[in-house]
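Biologist: I have a model open and would like to learn how to read it. Could you walk me through it, one feature at a time?

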Amino acid sequence: MKLQRKNRLRALSLGVVAVSGALALTACGSDDTGSTGDGDASAAANTSSIKCDDAKGQLQASGSSAQKNAVDAWVKQYVRACKGVQINYNPSGSGAGVTAFLGGQTAFAGSDSALKPEEVTASKKVCSGGQAVDLPMVGGPIAVGYNVPGVDNLVLDAPTLAKIFDSRITTWDDEAIKKLNPDAKLPSTKIQAFHRSDESGTTDNFTKYLIAAAPDDWKYEGGKAWQAKGGQSAQGSSGLAQQVKQTEGAISYFELSYAGDGINAVRLKTDAADPVEATVENATKAISAAKITGTGKDLALEMNYKPTEAGAYPLTLVTYEIVCDKGNKAETLPATKSFLGYIASEDGQKQLADAKYAPIPEEIITKVRETVSDLS
């Protein structure tokens, strides 16, 4: 088992360099156009507040594919200001990202779920004199995307979703779906439900919603690994979005930033009067009601998956950057603090809405900034 773990961590480390190197190179290449147009002026304004300090060298990180599009945007701006730093982020999934971090392979990890107690304990071997902490950095709705020709405005609730993803509702003209969509022309097409094949914080958040909002219909424990029976799988959020796009009758879950290119998203029926659309604004309403459950410098949040407030989208996740509060590697600490400080800044958070993510509420992100400044 030790040999298998060693090999797995080595593979993850290689994956960080091989898979994500293109991200850093592409971002760095954005400075080489020689353009002096309005785009460059705008970029200069966006990077003016970035503090590079002593940051230099390569910064390896991996994890959540949910935040990939946000990281892409952040890296593009950051390397314009801090030309001595190369950011390599591998969107390998939350589970793989946490494993790589706990194995000492990366400076920080991205995860759509807060660390478990046993993972915090394990982190003390990597964080000399400290431990890993959860820093909420990216918010956003998990869209339930579907591909049903002729149906552009679909409403579903948690119990119906639970039965669909547990293979107990198998056609689109099922009575439960008809009841929620009396005016829709629902076909008898077979439902093709897709879930993540890799361990994923998106899966964890999706199933937390089903557990909380449909406890009688979803009997699984939840977690990053998919547990329900049946269905089909794909790697990463981008893989699920691609399957929905190309498969008639498909349905799946992924971040709103992946629900482009004509993919329709379900409106969710809650205890509020009207079904709620997956939007950045509606996700922000949900995050604002979250409670901080972490202790000390840890800022793990607890979401309310059964909101009564109008417009609060219940299927909302928060992505954390996981980093050592103390005991970070000396050679990467300056770049880690510089980059995390930028993405937690007002300018960094402002970029999220354009990429279909929700900024972290001010009262929470202020605490994140304080923690980042104290990293050692």
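Modeller: We will go from confidence to the overall fold, then to the disulfides, a helix and a serine. This is a predicted model, in which local features need pLDDT of at least 70 and side-chain atom pairs count only at pLDDT 80 or more, while totals for chains, interfaces and linings use all residues. Residues are numbered from 1 along each chain as its sequence is written, and side-chain values use heavy atoms, with hydrogens and water left out.

Biologist: What is the mean pLDDT of the protein?

Modeller: pLDDT is the predictor's confidence in each residue, from 0 to 100. Here the mean is 88, and 87% of the residues reach 70 or more. Over residues 1-45, however, the pLDDT is below 50, and this stretch has 45 contacts (heavy atoms within 4.5 Å) in the model beyond near neighbours in sequence.

Biologist: Thanks. How many helices and strands are there in the protein?

Modeller: Helices (H or I, at least four residues) and strands (E, at least two) are DSSP runs, numbered from the N terminus. The protein has 13 helices and 13 strands. Of its 376 residues, 55% count as buried; buried means under 20% relative accessible area, exposed over 50%, and partly exposed in between (1.4 Å probe, protein chains only). Among contacts between residues at least 6 apart in sequence, 77% join residues at least 24 apart.

Biologist: Now the cysteines. How many disulfides does the count come to?

Modeller: A disulfide is a covalent bond between the sulfur atoms of two cysteines. The rule used here is a pair of cysteine sulfur atoms within 2.5 Å, and the count comes to 2 disulfides. With the bonded cysteines numbered in sequence order, the pairing is 1-2, 3-4.

Biologist: Which parts does the pair Cys52 and Cys82 tie together?

Modeller: The sulfur atoms of Cys52 and Cys82 are 2.0 Å apart. Cys52 sits in the loop between α2 (38-47) and β1 (57-63), and Cys82 in the loop between α3 (68-81) and β2 (85-90), so the bond ties together parts that are 30 residues apart in sequence. For handedness, look at the torsion about the S-S bond: it is about -95 degrees, so this disulfide is left-handed. Cys82 counts as buried, at 2% relative accessibility.

Biologist: And where do Cys127 and Cys324 lie?

Modeller: Cys127 and Cys324 are joined by a disulfide, S to S 2.0 Å. This pair links distant parts of the chain, 197 residues apart: Cys127 is in the loop between α5 (117-123) and β4 (132-146), and Cys324 is in strand β13 (residues 316-324). Its S-S torsion is about -70 degrees, so it is left-handed. Cys127 is buried at a relative accessible area of 0%, and Cys324 is buried at 3%.

Biologist: Finally, is Ser257 buried or exposed?

Modeller: Ser257 is buried, with a relative accessible area of 16%, and lies in the loop between β8 (250-255) and β9 (264-265). Not counting residues up to four places away in sequence, Ser257 touches Ala66, Asn69, Ala355, Lys356 and Tyr357.
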